[in-house]
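Subject: Handing over the structure

Hi,

Here is the structure I promised to pass on.

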Amino acid sequence: MIKYLLGIITIATLIVSCGGEDEKKEQGGEFYSTEVPEADVLRVGIKQLEDSLMKISQDRNVDSKVTNLVQQACIEKLKLMYQAYPKDKDAALSLHKVSMMYSAMGVPNLSVKYADSLIEQYPKYEDRWLVLQSNAMYYDMEAQPRDKEKMRYYLEKLIKEYPNLDPEILDQSKSRLETIDLTFDELIKQQNPPS
């Protein structure tokens, strides 16, 4: 009797699952799809999340898990803006914000990844020089192992693309290129020898 019931249940399951496959095929083969909101709707959502993050950061009683959840939600909306509307006026800025948020969250490898995407895809981005400088600093001070070639790449690009940048920033970049063989700590020790 038990075998008979198990057999019926198995056959019924197969029939239902086969019927579900036909239904999925008629609907285009997708299990479900999510509609991407319009760019202006995304902008409003991003602004609301950024405002929430600002308020949360000022309240010491808020659990860090809540802050992390809001940060993740904001990052996802910023990524969606960049991915769904790559030619939108805020796409490059969204990508830069993703990079900065990952950096602030202590995930520098993701920060650099998104900064690289920004550098590659938006050569006319207004604050591109800042992104180049930030990536050079990452490969100088945070990357393990330290990567002099990547550091050189970003610094040379910064100097070449922005000859009219603040002279102090350009001088620092050129100076760092000249001392590239020294780690940041070694450079500090060299500039401030013990008395």
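Predicted model: local features only at pLDDT ≥ 70, side-chain atom pairs only at ≥ 80, totals over all residues.

Let's begin with the helix pair. Two packed helices are described by the angle between their axes and the distance between the axes. Here the pair is α3, residues 64-84, and α4, residues 91-104; their axes come within 8 Å and cross at roughly 150°. An angle over 145 degrees counts as roughly antiparallel, so that is how α3 and α4 run relative to each other. Their crossing is left-handed. If you want to find the contact on screen, look on the α3 side for Q71, C74, I75, L78, K79, M81 and Y82, and on the α4 side for A91, S94, L95, K97, V98, M101 and Y102. Sorted by class, the residues in this contact are 10 nonpolar, 2 polar and 2 charged.

While you're at α4, click on H96, which also sits in that helix. Is H96 buried or exposed? Its relative accessible area is 7%, so it counts as buried. Beyond its sequence neighbours within four places, H96 is in contact with L118, Y125, D127, L130 and V131.

L118 comes up again in the core. The largest nonpolar core has 43 residues, and the ones that touch the most other members are L118, Y122, Y139 and L165. As for L165, its contacts outside the four places on either side in sequence are W129, L158 and L170.

Last stop is helix α8, which spans residues 167-178 and includes I169. I169 has a relative accessible area of 15%, under the 20% cut-off, so it is buried. Apart from residues up to four places away in sequence, I169 touches W129 and Q133. W129 is also one of the contacts of L165.

Not counting residues up to four places away, S173 touches L155, L158 and I159.

Cheers

Note on methods. Residues numbered from 1 in each chain as written. Heavy atoms only, no water. Helix = DSSP H or I, 4+ residues; strand = E, 2+ residues; numbered from the N terminus. Buried < 20%, exposed > 50% of the residue type's maximum accessible area, 1.4 Å probe, protein only. Contact = heavy atoms within 4.5 Å. Axes fitted to C-alpha atoms, helices over the stretch in contact; angles between N-to-C directions. Parallel < 35°, antiparallel > 145°, perpendicular 65-115°, else oblique. Left-handed = near helix turned anticlockwise from the far one by under 90°. Nonpolar A, V, L, I, M, F, W, Y, C, P; charged D, E, K, R; others polar. Core = buried A, V, L, I, M, F, W, Y, C linked by side-chain atoms within 4.5 Å.
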